[in-house]
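Subject: A structure to look through, with notes

Dear colleague,

I am handing over a structure for you to open alongside this message. Please look through it first, and then read the notes that follow.

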Amino acid sequence: MVIPFRRVERAAAPWVRTRLRSAPAAALALALLVAVTACLAAAFPRALERYEDAGLRRSVEQVPHSRSVVGLSAPVPLPDLPQDQREQALLPATVKRQYASILGTVRRPFVPDPGQSSYGVATSVNQAVPEPWLPRPSGLPARVALVAQAGLADHARLSEGRLPRASGTVTATTPEVEAAVSADTAKSLRIEAGSVLHVPGAGRDALAVRVTGIVAPRDRDGAYWATDTLLRTPALMRVTPADPESPRYWLGALLLPSEAAPALLGTEGLPYRYWRLAPDPNTLHHRDLGALKSALAALESGPGLQQVRTAIDPFTDAQTDLDDVLASYSRLHSGVSALISVAAFGSGTVAAVVLAMAGGLTADRRRTELALLRARGASLPGLAARLLAETAVVAVPAGALGLVVAVRALPGARALPAVLAALAVTAVACAALPLRAAAAHRLVRIPALRQDVTSVRPSRRRTVAELTLVAVAAGAVVTLRRQGTSDGSDDQLISAAPVLVGVIAALLLVRLYPLPLRGMAGPAGRLRGVVTHLSLARAGRSSASAVLPLLALLTALTTASFGGSVLAGIGEARDHSALLAVGADARLDATVDSLPTGLTDRVRRVSGVRDVAAVSVAYRAKPNDGRQSVPVVGVDPGGYAELTRRTGLGAFSEGVLKKGRGGPGTGAVLPAVASPSVADVHGSAPFPVSMEDGSSVSVRIVLVRDITPAVMGADFLVVDRAGLGATAARPTTLLVTGPEADGRALREAAGDAVSVRLRADERAQYVDSPLQSGVEHLYTAAVAAGAGYAVLALLLSLLRAAPERIALLARLRTMGLTRRQGRRLLVLESLPQAALAAAGGVLTGWAAIRLLSPGMDLTAVALPPSVAPLEQTPLHTDAWSLTVPALAVVAVTVGIAGVQAWWAGRRGAVRELRAGDTK
């Protein structure tokens, strides 16, 4: 029997196209959510990488070039070799060839900057020149260094004369060479074009160096000129640098053409060859930090140096401080990496929960449709595949769009981390609806079952999962408290600890919040009216799937409170450090012996100044006529005591410094406030103090304080200024109170003889690295993202229950419920969950900060490495960061419920009361 061929007809209405056409608004909303989330997720690693690279480059660029440049040097060949070979070793072609050999030895990612790297020949011993017309500050002749550095014409601009050149072949016996000097050297040493200096020779007559030109650096701060600043700037040296009374002499550099380098062999300067490799800042990337350290170690003391010695000279040496600079940056990065991870985990968790809620909302809206498909024979894998396809059609292009926006907005970073982040967001968005639908419809059910907590009880699997999360969170918190974040640990479990605390609180609240609502519903039933009782009863029997909204709210609130507390802690640390550095809101110090007469009154009249404390500081006062100096601060007890109380820097009362007897010379003993170190040395017995003006006072320590506003050091004595002599009591410092004091007016009132420091200016200097400012920006973005997703989670939660609530209002209106009562019902029904979530978020944030604060140190983020803090900056709770997000959640809930009630009142009740409606 032949079975006739039957052609299979294609479906007239494909599934995906039909679904998208039937619900375009939902598809557009999902696309927008996925695009924004993918953009934020892709932007986070790119922004972090940009901040890391900028921080690394700033760390290298802000140190002197003498520390960041890798310097290699080799002596000239030994004297027992033929003279022509020694001269050949100093010729420009030879030194350049050796420079190229060194460049070939350098391993990436260390890339020298060819425009700022240099090489040449210089003398290691500075030579005294006998010319009498050179300045002699202490009667000593000036000294010069002879430098034949390649590339002078490319890096200098001729100011006068012409560039030096070598005539013929230069040897060790050449009697005269030409040179140039920098403009600063010419000015300080009175050198002019045409001047001749005679450098002592070694076994020959003096080498005559004729100055043919004066040059100015094209890039004064570049590595070519700034690695050895003597090339551009002369120095006034002392014979004994440690002795301030030692005789002085001028030291400058004579810039010879590179072809004249062999002439240095005829001097006593002991010439040497050098090659200076300046790192190219544009090639420095944080991701290459480990390889960069390895390349530097190989060149400084490893295989790279051995290759250089084989190719150039066995005595070649290499030295650099760039490895120390990289180590300092690594410590800074280690201090902020854990805080960055906390922000990433918090925002990522809230975003993932919101994506899951979006899928859950769609699954609930289509519950009847999906149940019908299952009842008509649709398999669970087939149903999940269809849902995955229709979601992917929307989510994949949206995720790609978000990725493109992030890449375009933040160029200059690797693409792979951003691609992985956007891919993760897209995968979660695609999988949320199929998984939620598969979990809800794994069994075929025709009637729609109730989903509230009265019918759906927590299963054993859920209990085990929650207990597992409790154990993981407890382990993370204990680890963080013991280990902390200041040591740069990369344990991601530690970074996830604040989020885990919020997750556990959300799970507990889901289990516990219906209990008090049910307890309040009974007494509310005895009140007049049904609105309160009905709202509490419905809130207590809300959907069992409310775990995701609560999880999103609590996680977002915990992240917001944690991030807000971090930002507040950073600000407070900087404020406190600036206060310690200045001592008040503004500080005026005399650059001479004392402040000008009448300055205190002029400062008081400046706009924004509230109070002025005049003090005299004798930094070289000596107790017991010893050699150790201790600063003695003479103050007006009333004003200074008020300043210490207001600033919190070593506060004491006015009566502590009230002297008991007459003025100086009468044998009176002045009560003093001392630092702990001074108190340990002198005790509580009276002792004499010799002041700078030659007078002497007797003081007795009556109170010990760690710090005081007038002096920043660890040693000080604070006494009543009225007990000092007339000269010692003259004010040298003004401590100004007034956060809004006009700095420009203060400087105009002070004049040129007084230095002015503002607390605000000092604080602005504490953001030393782009990495530090980047951490603040990322944390601010994390707080904003957490708040936005919390609002979105709340909106999704209310939208999920919107059809049921609108139908309820329609039915109740047929029973006599007014529109006003309907609005009250929706608001009161939504308010308990939001209020409990807000209260839980405040408690969770407070608990997380209290639990984790012993291990969190904000010093690396708040202060630059150059500022040595007196103590660590621990994390502490910030009231605004705890309460403002929680109150915002309640306000948004009330607002959304009110809008929902208003919209339901505008719609007719006929549609909601159709027969057979399952809502």
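In this model, 10 strands form an open sheet with mixed pairing, in the order S15-S18-S19-S17-S20-S16-S14-S21-S13-S22, where helices (H or I, at least four residues) and strands (E, at least two) are DSSP runs numbered from the N terminus, and two strands pair if DSSP finds at least two bridges between them. Please keep in mind that this is a predicted model, in which local features need pLDDT of at least 70 and side-chain atom pairs count only at pLDDT 80 or more, while totals for chains, interfaces and linings use all residues. Residues are numbered from 1 along each chain as its sequence is written, and side-chain values use heavy atoms, with hydrogens and water left out.

The edges of the sheet are strand S15 (622-623) and strand S22 (754-758), each of which pairs on one side only. Strands of a sheet pair through backbone hydrogen bonds, either parallel or antiparallel. S15 and strand S18 (residues 687-690) run antiparallel and are joined by 2 bridges, with Lys622 standing opposite Ser690 in S18.

Two helices accompany the sheet. Helix H22 (residues 637-647) lies across strands S14, S16, S20 and S21, running at about 50° to S21; here axes are lines fitted to C-alpha atoms, for helices over the stretch in contact, and angles run from 0 to 180 degrees between N-to-C directions. Helix H24 (residues 743-750) packs on the sheet, touching S13 and S22 (contact means heavy atoms within 4.5 Å), and its direction makes about 165° with that of S22.

Elsewhere, the axes of helix H11 (residues 322-365) and helix H14 (residues 416-440) come within 8 Å and cross at roughly 35°. Among the residues that make this contact are Ala352, Leu355 and Gly359 of H11, and Val425, Ala432 and Arg436 of H14.

Helix H14 also holds Ala439, which counts as partly exposed because its relative accessibility is 42%, given that buried means under 20% relative accessible area, exposed over 50%, and partly exposed in between (1.4 Å probe, protein chains only). Ala439 and Leu380 are 59 residues apart in sequence and 9.5 Å apart in space, C-alpha to C-alpha.

For the chain as a whole, there are 30 helices and 22 strands, and 49% of the 919 residues count as buried.
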